[in-house]
Amino acid sequence: MKRIGVTGHRSIPQEIHAHVLDELRAALCGHEGSLEALSSLAVGADQLFAALALAQGAELTVVVPSGDYEAGFADEADLRRYRTLKARAAREIRLDFPHSTDEAYYAAGTYIADHCDRLVAVWDGRPARGLGGTGDIVTYARGLGLPVTVIWRDGVERG
């Protein structure tokens, strides 16, 4: 089974949203045999990736960083999307962190990198804004020698 993980920004500028969707679809296409997609289902890139993976017939593995992870969803629609995607997952990995901290997010990101054959990163190329951000997970994955596909468009700033 081929395993593709995701890391990415929660906020994707509208001007590159279609580009990100197209590139995520491309990253998920063309795999012989079965495909497993690993995601923490955070708002933004993680949820987009998971929804596209499920639509293409992949098995979804959800990595839940902490016991109170759902409390971090400020928007009711985002929480509903999280719950809907999680309910469709083939597997759920729940990490032992009681609270959603930077350390919990970092652990979830490194878990995904440790358990995939390739990492897809919706990333502007800038350093992480806190431990466990996209830049940290890309650095970690590259340190493992893991292939990383970066999706972004030059010159676009995220909010």
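How exposed is R3, in terms of relative accessibility? Select R3: at 28% relative accessibility, R3 is partly exposed, where buried means under 20% relative accessible area, exposed over 50%, and partly exposed in between (1.4 Å probe, protein chains only).

This is a predicted model, in which local features need pLDDT of at least 70, side-chain atom pairs count only at pLDDT 80 or more, and totals for chains, interfaces and linings use all residues. Residues are numbered from 1 along each chain as its sequence is written, and side-chain values use heavy atoms, with hydrogens and water left out.

R3 sits in strand β1 (residues 2-8) and D117 in the loop between α4 (102-114) and β5 (118-122), 114 residues apart. Helices (H or I, at least four residues) and strands (E, at least two) are DSSP runs, numbered from the N terminus. D117 is partly exposed, with a relative accessible area of 28%.

Move to E70 and R83, a salt bridge whose closest N and O atoms are 2.7 Å apart. E70 is in the loop between β3 (59-66) and α3 (76-87), and R83 is in helix α3, so the pair ties together parts 13 residues apart in sequence. Then widen the selection to K86, E92 and R94, which join E70 and R83 in a network of salt bridges.

Last, select D78 and R81, also a salt bridge, with closest N and O atoms 2.3 Å apart. D78 is buried at 15% relative accessible area, whereas R81 is partly exposed at 39%.

Technical notes: A salt bridge is a side-chain nitrogen of Lys or Arg within 4 Å of a carboxyl oxygen of Asp or Glu.
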